[in-house]
Amino acid sequence: MCMICVEIAKGAMTTREARRALGEMREKVGAQHATEVETLLDATDQARPPTRP
Ligand SMILES: [Zn+2]
């Protein structure tokens, strides 16, 4: 688990922000975990509609 997972779990980060962060952190978290995070973000998008402005 990384910072992105933690923020998503808390609802403190939108999936859009998380995807941007993942782009920057992909090498740090590793390819395998990056894939897991993408799966988590897809599931979160489906469970939670995007935040309105
Ligand atoms: Zn993580």
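This is a predicted model: local features need pLDDT of at least 70, side-chain atom pairs count only at pLDDT 80 or more; totals for chains, interfaces and linings use all residues.
Which residue just after H2 takes a positive phi? It is glycine 30, with a phi of about 95 degrees.

**Overall make-up**

The protein chain holds three helices and zero strands. Read along the sequence, the pattern is α-α-α. The chain has 53 residues, of which 15% count as buried.

**Helix H2**

H2 has 15 residues, yet its end C-alpha atoms are only 17 Å apart. A straight helix at 1.5 Å a residue would reach 21 Å, so H2 falls short of that span. H2 also bends, by about 50 degrees, at glycine 23. Within H2, the residues Thr15, Ala18 and Leu22 are buried. The buried residues of H2 pack against both H1 and H3.

**How the helices meet**

Two packed helices are described by the angle between their axes and the distance between the axes.

| Helix pair | Distance between axes | Crossing angle |
|---|---|---|
| H1 and H2 | within 10 Å | roughly 170 degrees |
| H2 and H3 | within 10 Å | roughly 170 degrees |

H1 covers residues 3–10 and H2 covers residues 15–29. Their axes cross at roughly 170 degrees, and angles over 145 degrees count as roughly antiparallel, so H1 and H2 are roughly antiparallel to each other. On the H1 side, the residues in contact are Ile4, Glu7 and Ile8. On the H2 side they are Ala18, Ala21, Leu22 and Met25. Sorted by class, this contact has six nonpolar, no polar and one charged residues.

The same cut-off applies to the next pair: the axes of H2 and H3 cross at roughly 170 degrees, so H2 and H3 are roughly antiparallel to each other. From H2, the residues Thr15, Ala18, Arg19, Leu22, Arg26 and Val29 take part in the contact. From H3, they meet His33, Ala34, Val37, Leu41, Thr44 and Asp45. By class, the contact of H2 with H3 has six nonpolar, three polar and three charged residues.

**Aspartate 45 in H3**

Aspartate 45 lies in helix H3, which covers residues 31–47. Is aspartate 45 partly exposed or buried? A residue needs 20 or more other C-beta atoms within 10 Å to count as buried, and 12 or fewer to count as exposed. Aspartate 45 has 14 within that distance, so this residue is partly exposed. Aspartate 45 and threonine 15 are 30 residues apart in sequence, while their C-alpha atoms are 6.8 Å apart in space.

**The segment before H1**

Methionine 1 is placed in the segment before H1. Because methionine 1 has 11 C-beta neighbours inside 10 Å, this residue counts as exposed. Methionine 1 is 28 residues from valine 29 in sequence and 8.6 Å from valine 29 in space, C-alpha to C-alpha.

Cysteine 2 is also found in the segment before H1. Cysteine 2 has 16 C-beta neighbours inside 10 Å and therefore counts as partly exposed. Which residues are in contact with cysteine 2, leaving aside neighbours within four places in sequence? They are Met25, Val29 and His33. Cysteine 2 and alanine 34 are 32 residues apart in sequence, and their C-alpha atoms are 9.7 Å apart in space.

Methods
Residues are numbered from 1 along each chain as its sequence is written. Helices (H or I, at least four residues) and strands (E, at least two) are DSSP runs, numbered from the N terminus. Axes are lines fitted to C-alpha atoms, for helices over the stretch in contact, and angles run from 0 to 180 degrees between N-to-C directions. Angles under 35 degrees count as roughly parallel, over 145 as roughly antiparallel, 65 to 115 as roughly perpendicular and the rest as oblique. Two residues are in contact if their C-beta atoms, placed from the backbone, lie within 7 Å. Ala, Val, Leu, Ile, Met, Phe, Trp, Tyr, Cys and Pro count as nonpolar, Asp, Glu, Lys and Arg as charged, and the others, Gly among them, as polar. The bend at a residue is the angle between axes fitted to the seven residues ending there and the seven starting there.
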